[in-house]
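This report describes one protein model, section by section. The sequence and the structure come first.

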Amino acid sequence: MPLIGPRRILLVEDDLNHRWVMRRILDSAFGDEIAVEEAETGERALERATRKPEIDLILLDLGLPGMGGIEVLKRIRSNPLTRGVPVVVLTSSQEREDIQTAYQHGANSFVSKSETPELMFQRLRMLPVYWLELNQLPRDLQN
Ligand code: CA
């Protein structure tokens, strides 16, 4: 199913290998239909998320150096510029207890990243189809 127009995903992940794998999966599944941007810290992610062109989906790792993922999520939700952006939290098994906290602070969904590359591939392929195509984004409603 083709996505409508190019959509921007901001991948917030400090682990270079995880970023590389996720970018490869998203690029191979969606090509030019999505643009993947990367931020290796929460501070950079927040800085990017408030600039144009708008980010349509944020994939957020919780275990980040410096500002942690939960704090990043809180700031995304408290800023009117970024409040409506869907945030999918990427969790490793050590972070399961944070899921409750992340939901309380407005995470839209969770995806486990600690399993096999094949499972990761299947999950990451589904995400943009749901969040960027099936789901109505706040900015679609404004247009
Ligand atoms: Ca991490």
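## Terms and model

A residue is called buried under 20% relative accessible area, exposed over 50%, and partly exposed in between (1.4 Å probe, protein chains only). The model is predicted: local features need pLDDT of at least 70, side-chain atom pairs count only at pLDDT 80 or more, and totals for chains, interfaces and linings use all residues. Residues are numbered from 1 along each chain as its sequence is written, and side-chain values use heavy atoms, with hydrogens and water left out.

The predictor's confidence in each residue is pLDDT, from 0 to 100. The protein averages 86, and 89% of the residues score at least 70. Helices (H or I, at least four residues) and strands (E, at least two) are DSSP runs, numbered from the N terminus.

## Aromatic pair

Rings of Phe, Tyr and Trp (its six-membered ring) pair if their centres lie within 6.5 Å; planes under 30 degrees apart count as stacked, over 60 as edge-to-face and the rest as tilted. By this rule there is one aromatic pair. The rings of Tyr 103 and Phe 110 have centres 4.7 Å apart and planes at 65 degrees, so the pair is edge-to-face. Phe 110 is buried, at 19% relative accessible area, whereas Tyr 103 is partly exposed at 46%.

Donors are N, O and S atoms within 2.8 Å of the metal (3.2 Å for Na, K and Ca); water is not among the atoms, so sites may look incomplete. The protein donors of the calcium ion are Asp 14 (OD), Asp 61 (OD) and Gly 63 (O), at 2.2 to 2.3 Å from the ion. Asp 14 lies in the loop between strand 1 and helix 1, and Gly 63 in the loop between strand 3 and helix 3 (69-78), so the pair ties together parts that are 49 residues apart in sequence. Asp 14 is partly exposed, with 34% relative accessibility; Gly 63 is also partly exposed, with 36%.

His 18 lies in helix 1. Its C-alpha atom is 9.9 Å from that of Asp 61, 43 residues apart along the chain. Taking contact as heavy atoms within 4.5 Å, His 18 touches Glu 13 and Lys 113, not counting residues up to four places away in sequence.

## Helix 5

The buried residues of helix 5 include Met 120, Leu 124 and Trp 131. Among the elements covering the buried residues are strand 1 (7-12), helix 1 (16-30) and strand 5 (109-112).
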